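Have the structure open as you read.

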Amino acid sequence: MRRWIVVAAAALFALAPNAAAAAQSAAPDPVQAMKRQFRAERGVDFTEVARLLGAETRSRRQGGIAFGPGGPVATYLSVRDVGVSAPEDETRAVAGGDALYTTTDVALPKDKNWVVYRYPEGQVRPEFWTTQQTIDVFDPASLKVTLKGAKGKAVSGGYYFRGDVTYAELSKAAGGTYAIDVNGVNSKAKAKAKVAWKLWTDSSGRIQRFMTTDISAKGAWLKSVDTRFSEWGRLQTIPLPSAEEVIDHDEVGKVPSFPKGLSLRGKGRH
């Protein structure tokens with residue numbers, strides 16, 4: 001009997017490290033990791049490169065996002081075509097509340113530095129202006145349905161996920177806001193289109209990189225976007241331009257095409 005006890009104890013000892021390793025290899029949930037980032041005056045930095053169907057150049061973005069308890073509350077960014085270095089080809093923007101502020105190369109009245117676009121209360125979230133990603137990773141419902149069924153694979157520094165999701169699935173999760181084309185028209189064909197994606201997280205589940213490819217219902221390539229995040233949890237406060245610096249967009253003649261072509265996430269669309 002004593003011998004069997006010793007053998008059983010030895011077997012348990014041998015299995016314990018393997019059980020611990022299995023527990024450690026389980027990927028943390030990126031949805032829960034994202035929710036933990038939603039704290040007042042905290043945020044994240046990002047860089048992004050996107051290529052759209054029919055575009056002659058790629059678009060490069062960089063900036064930061066500030067969070068509140070419910071998610072993003074403000075963002076700032078700069079946008080320019082890749083390979084274009086002239087300062088006038090860069091557009092800067094700040095978004096918060098229900099307004100988007102952009103720079104312009106159109107001559108403005110003295111002391112006016114920003115053109116403002118205002119939207120009905122609650123119509124557009126700040127991250128709508130931030131990225132050209134179709135999938136809003138800051139919306140827990142959208143991120144959850146995107147990751148459904150995906151298994152995280154351990155890689156250096158964290159975990160790797162991949163899969164695809166349809167506009168119909170995204171629309172159902174997010175209240176019907178994804179099955180809309182760029183002209184604001186509901187489209188059954190659009191709802192059947194897919195977004196193929198790859199996502200990398202750090203060891204705690206915070207997203208480090210997110211790559212997507214939009215594919216039409218007929219299988220045609222539409223858009224590819226590569227977004228990288230850094231400095232999660234950093235102190236991030238983003239002041240909005242003062243009223244004295246701002247002029248309404250309908251008081252200006254020609255204004256930049258920005259933000260045309262941004263993410264379709266949000267109740268307001270382009």
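Start with the ground rules. This is a predicted model, where local features need pLDDT of at least 70, side-chain atom pairs count only at pLDDT 80 or more, and totals for chains, interfaces and linings use all residues. Residues are numbered from 1 along each chain as its sequence is written, and side-chain values use heavy atoms, with hydrogens and water left out.

**Confidence and overall make-up**

The protein has six helices and 12 strands; helices (H or I, at least four residues) and strands (E, at least two) are DSSP runs, numbered from the N terminus. Its pLDDT (the predictor's confidence in each residue, from 0 to 100) averages 80, and 76% of the residues score at least 70. Helix 1 (residues 2–25) has the lowest confidence, with a mean of 45, while helix 2 has the highest, at 97.

Two stretches call for care. Over residues 1–23 pLDDT stays under 50, and the model has zero contacts there beyond four places in sequence; a contact means heavy atoms within 4.5 Å. Residues 256–270 also stay under 50, but for them the model has 63 such contacts beyond four places in sequence. Where pLDDT is low, the predicted coordinates should not be read in detail.

Of the 270 residues, 42% are buried, meaning under 20% relative accessible area, with exposed over 50% and partly exposed in between (1.4 Å probe, protein chains only).

On a 1 Å grid over the protein atoms alone, a cavity is a set of points where a 1.4 Å probe fits but cannot get out, and a pocket is an open set with protein on both sides within 12 Å along at least five of seven lines; lining residues have an atom within 4 Å of a point. Grid points are joined across faces, edges and corners, and a volume is the space filled by probe spheres set on the points. For the classes in the table, Ala, Val, Leu, Ile, Met, Phe, Trp, Tyr, Cys and Pro count as nonpolar, Asp, Glu, Lys and Arg as charged, and the others, Gly among them, as polar.

| Space | Volume | Lining by class |
|---|---|---|
| Second largest pocket | about 200 Å³ | eight nonpolar, two polar, four charged residues |
| Largest cavity | about 100 Å³ | seven nonpolar, four polar, two charged residues |

The second largest pocket has 14 lining residues, with Asp29, Pro30, Val31, Lys144 and Leu147 closest to its centre. Helix 2 gives the largest share of that lining, four residues.

The largest cavity has 13 lining residues, and Thr131, Gln133, Val137, Phe138 and Phe229 lie nearest its centre. Strand 1 (42–52) and strand 11 (221–235) each supply at least two residues of this lining.

Which residues of helix 4 are buried? They are Ser142, Leu143, Val145, Thr146 and Leu147. These buried residues pack against helix 2, strand 8 (158–166), helix 5 (167–173), strand 9 (194–202) and strand 10 (207–215). After helix 4 comes Gly149, with a positive phi near 85 degrees.

Thr130 sits in helix 3 (residues 127–130). Thr130 counts as buried because its relative accessibility is 2%. Its side chain makes a polar contact of 2.9 Å with that of Thr75; such a contact is a pair of N or O atoms within 3.5 Å, and within protein one must be able to donate a hydrogen and the other to accept it, with residues adjacent in sequence counting only if both atoms are side-chain atoms.
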